[in-house]
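Q: Please take a close look at a single part of this model. I would like one connected account of a helix and its surroundings.

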Amino acid sequence: MKRLHVHVGVNDLDRSVQFYSNLFAAGPTVKKDDYAKWMLEDPRVNFAISVRAAEAVGVRHLGIQVETQEELGEVYGRLRGADAPGFEEGATTCCYAKAG
């Protein structure tokens, strides 16, 4: 099952966690010193925020999270068919998660 992934850089993690927790009516499913993530069902999105001194605030990256290699192939095929820019990451680490 596919899920949109959005990662946003913020200046103040605690204040941003409070804001997004109120907005989503749910607390983060993962919270670290520099990072928080919500795995939402409505809308179906993996929404993450982080504070990293070397990086600017705002949208850091967007992606589509998949559960299987078959879904991954389907997404890559759709991107190629749409002649859309995309970057195939394959096995990678993103937002404290590892792809295999």
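A: Start with a cut-off: buried means under 20% relative accessible area, exposed means over 50%, and partly exposed covers the range in between. By that rule Trp38 is buried, and so is Phe47. Both will return below. The model is predicted.

First, the setting. The protein chain has two helices and seven strands. From the N terminus on, its elements run β-α-β-β-β-β-α-β-β. Of its 100 residues, 28% count as buried. Take the contacts between residues at least 6 apart in sequence: 56% of them join residues at least 24 apart. The chain exposes about 6,800 Å², and carbon and sulfur atoms supply 54% of that area.

Now the part itself, helix H1. Helix H1 covers residues 13–24. The expected span is 1.5 Å times one less than the number of residues. For the twelve residues of H1 that gives 16 Å, and the end C-alpha atoms are 16 Å apart, so the two values agree.

Next, the two sides. Leu13, Ser16, Val17, Tyr20 and Ser21 are the buried residues of H1. They cover an arc of only 130° around the axis, so they sit on the same side of H1. The other side of H1 carries exposed residues: Asp14, Arg15, Gln18, Asn22 and Leu23. What covers the buried residues? The cover includes three strands: E2 (30–31), E3 (35–41) and E4 (44–50).

The ends of H1 have their own details. At the start, a side-chain oxygen of Asp12 comes to within 3.3 Å of the backbone nitrogen of Asp14. After the helix comes Ala25, with a positive phi near 60°.

Tyr20 deserves a stop. Tyr20 lies in helix H1. Its relative accessible area is 16%, which is under 20%, so Tyr20 is buried. Leave aside its neighbours within four places in sequence. Tyr20 is then in contact with Ala26, Trp38, Phe47 and Ile49. There is also a C-alpha distance to note: Tyr20 and Ala36 are 16 residues apart along the chain, and their C-alpha atoms are separated by 10.0 Å.

A pair of aromatic rings is described by the distance of the centres and the angle of the planes. Ring centres must lie within 6.5 Å to pair. By this rule the count comes to seven aromatic pairs. One of them joins Phe24 and Phe47: the ring centres are 5.3 Å apart and the planes stand at 75°, so the pair is edge-to-face. Phe24 lies in helix H1 and Phe47 in strand E4, so this pair ties together parts that are 23 residues apart in sequence. The rings of Trp38 and Phe47 have their centres 6.1 Å apart, with planes at 55°, so that pair is tilted.

Phe47 has 9%, so it counts as buried. Phe19, Tyr20, Phe24, Trp38 and Phe47 form one aromatic cluster.

Lys37 lies in strand E3. At 14% relative accessibility, Lys37 counts as buried. Setting aside its neighbours within four places in sequence, Lys37 is in contact with Pro28, Thr29, Val30, Asn46, Phe47 and Ala48.

Helix H2 covers residues 69–81. Its 13 residues should span 18 Å at 1.5 Å a residue, and its end C-alpha atoms are 18 Å apart, so this span agrees too. Glu71, Val75 and Tyr76 are buried in H2. Their arc is only 135° around the axis, so they lie on the same side of H2. The face turned away from that buried side carries exposed residues: Gln69, Glu70, Arg80 and Gly81. Just after H2, Asp83 takes a positive phi of about 55°.

Back to H1 for the picture as a whole. Strands E2, E3 and E4 are included in their cover. The aromatic cluster takes in Tyr20 and Phe24, along with Phe19, Trp38 and Phe47.

Note on methods. Residues are numbered from 1 along each chain as its sequence is written. This is a predicted model: local features need pLDDT of at least 70, side-chain atom pairs count only at pLDDT 80 or more; totals for chains, interfaces and linings use all residues. Side-chain values use heavy atoms; hydrogens and water are left out. Helices (H or I, at least four residues) and strands (E, at least two) are DSSP runs, numbered from the N terminus. Buried means under 20% relative accessible area, exposed over 50%, partly exposed in between (1.4 Å probe, protein chains only). The arc is that of the directions from the helix axis to the C-beta atoms. Contact means heavy atoms within 4.5 Å. A polar contact is a pair of N or O atoms within 3.5 Å; within protein, one must be able to donate a hydrogen and the other to accept it, and residues adjacent in sequence count only if both atoms are side-chain atoms. Rings of Phe, Tyr and Trp (its six-membered ring) pair if their centres lie within 6.5 Å; planes under 30 degrees apart count as stacked, over 60 as edge-to-face and the rest as tilted. Accessible areas come from the Shrake-Rupley method with a 1.4 Å probe; for residues, only the protein chains shown count as cover.
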